[in-house]
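Please look through the structure shown here, with its sequence alongside, before reading the explanation that follows.

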Amino acid sequence: MTTPSPSTSVAGVRRARVVRIGRARLVLLIPGAFALLAGLDAALILLGMPAPVTTTRLPQVHGPLLVLGFVGTLVALERSVALARIVGYAAPLLLGLGAIALVTPLPITVGKALLAVGSAAFVVLYIPLWRRSRDVAVLVQVLGAVLATGGALLWLGGVDVPHLLPWLAGFVVLTIAGERLELARVAVLLAQAVRSFQVACAAFLLCVAASLLWPAVGYRLLGLSLLAIVLWLATYDVAKRTVRGTGLVRFSAVCLLIGYFWIGCAGTIWTLNGLVIDGAAYDAVIHAVFLGFTMSMIMAHASVILPAVLRRPLPYRPVFYLPALLLHASLLLRLLGGDAWGNSASWQWGGVFNVVALLLFVVMAAWSSIRGVPKRDRAS
């Protein structure tokens with residue numbers, strides 16, 4: 001009988017530890033995945049289409065489910081991994097539990113309160129991350145978490161969801177903008193470029209508050225400040241160069257650049273229309289931000305973020321272009337044919353294919369992760 005060498009035993013222990021960590025984080029990610037599925041189910045109900053589950057509450061919590069329940073849990077979990085402390089996992093845990101509570105028979109206030117506490121824990125999570133680097137990029141992400149907390153508290157206090165749109169949009173915009181600043185520094189940004197980024201983000205933060213206090217003027221200023229952030233990203237983001245690459249690098253760049261187009265559309269609508277809390281303009285803004293921009297960013301970074309969180313590879317495959325292109329084509333149909341031209345069939349079917357595109361990406365990502373790294377890539 002062969003006795004394993006010490007090095008083999010250590011390697012086995014390390015592999016087992018990686019598996020345990022990945023499973024523990026998967027448990028925290030499951031509520032976020034649940035929030036995504038519940039939010040997409042609610043989307044079908046709002047579109048007037050058959051849905052697997054039909055309840056009166058789902059349409060009421062559609063937006064917070066997807067933004068705070070899904071995106072919030074995913075981003076908080078990724079930041080918790082970066083912190084590498086057990087206490088950091090309180091934020092994704094509370095956000096995930098809040099998402100689940102929203103769709104149960106529990107009073108809706110329970111879900112709202114859990115999301116508010118989870119968002120506040122998310123802000124606290126950033127404090128040690130900020131102390132590590134005291135970097136502008138981290139500070140901007142902190143401000144994004146502050147906006148998420150503000151939106152959750154306002155919802156808990158009785159403010160209607162349409163009035164929370166600037167706060168929830170601010171959460172995803174500042175979070176992603178901060179992350180893109182970190183990557184833009186690969187190109188060695190000038191101090192003037194970093195200052196202009198700070199000014200644009202600070203103006204956007206102030207305009208979010210102004211949109212609630214003085215909506216007539218605040219929304220137009222919000223749109224202008226958002227366009228300033230888009231202009232900065234379009235000018236300095238490394239995606240402008242990496243789009244000429246191949247494989248995952250090009251796929252991510254394509255998703256990023258198209259996402260910037262959609263967030264620019266939202267900024268333009270706010271600038272031209274001012275306050276929008278219902279109707280076609282509201283539908284266009286909310287889905288340009290949270291589908292065209294946010295989901296495109298998630299697709300762009302999934303092959304990097306999920307392996308870091310779950311300790312399992314998510315290899316890029318060219319077939320990922322299929323759900324990405326379907327998402328943007330169906331969103332164009334929904335916003336142009338439905339919201340702009342008033343064609344109800346375009347609006348409805350565009351929305352249905354939005355749901356199909358997101359589910360297709362989830363299925364393809366799971367399939368790619370299960371299959372693992374292609375043999376040709378292992379050999380290289």
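A residue is called buried when its relative accessible area is under 20%, exposed when that area is over 50%, and partly exposed in between, with a 1.4 Å probe and protein chains only. By this definition R334 is buried, because its relative accessible area is 6%. This is a predicted model, in which local features need pLDDT of at least 70 and side-chain atom pairs count only at pLDDT 80 or more, while totals for chains, interfaces and linings use all residues. Residues are numbered from 1 along each chain as its sequence is written, and side-chain values use heavy atoms, with hydrogens and water left out.

Side chains of opposite charge can pair when their charged atoms come close. The term salt bridge is used here for a side-chain nitrogen of Lys or Arg within 4 Å of a carboxyl oxygen of Asp or Glu, and the structure holds 3 of them. In one, the side chain of R334 meets that of D283, with 3.1 Å from N to O.

Another salt bridge joins D237 and R180, whose closest N and O atoms are 2.7 Å apart. This pair links distant parts of the chain, since D237 is in the loop between α8 (215-236) and α9 (239-242), whereas R180 is in helix α6 (residues 161-184), 57 residues apart. D237 is buried, with a relative accessible area of 1%, and R180 is buried as well, with a relative accessible area of 4%. The side chains of R79 and E78 meet in a salt bridge too, at 2.9 Å from N to O. Here R79 counts as buried at 12% relative accessibility, and E78 counts as buried at 17%.

Turning to the rings, a search of the whole structure finds 12 aromatic pairs. Rings of Phe, Tyr and Trp (its six-membered ring) pair if their centres lie within 6.5 Å, and planes under 30 degrees apart count as stacked, those over 60 as edge-to-face and the rest as tilted. F251 and F320 form a tilted pair, with 6.2 Å centre to centre and 55° between the planes. Because F251 lies in helix α10 (residues 247-273) and F320 in the loop between α11 and α12, this pair ties together parts that are 69 residues apart in sequence.

W349 is partly exposed, with a relative accessible area of 40%, and F353 counts as partly exposed at 37%.

Which residues have a positive phi without being glycine? A84 has a positive phi of about 65°, and R134 has one of about 50°. A84 lies in the loop between α2 (62-83) and α3 (90-102) and is exposed, with a relative accessible area of 60%. R134 lies in the loop between α4 (108-133) and α5 (136-156) and is exposed, with a relative accessible area of 54%.

Note on methods
Helices (H or I, at least four residues) and strands (E, at least two) are DSSP runs, numbered from the N terminus.
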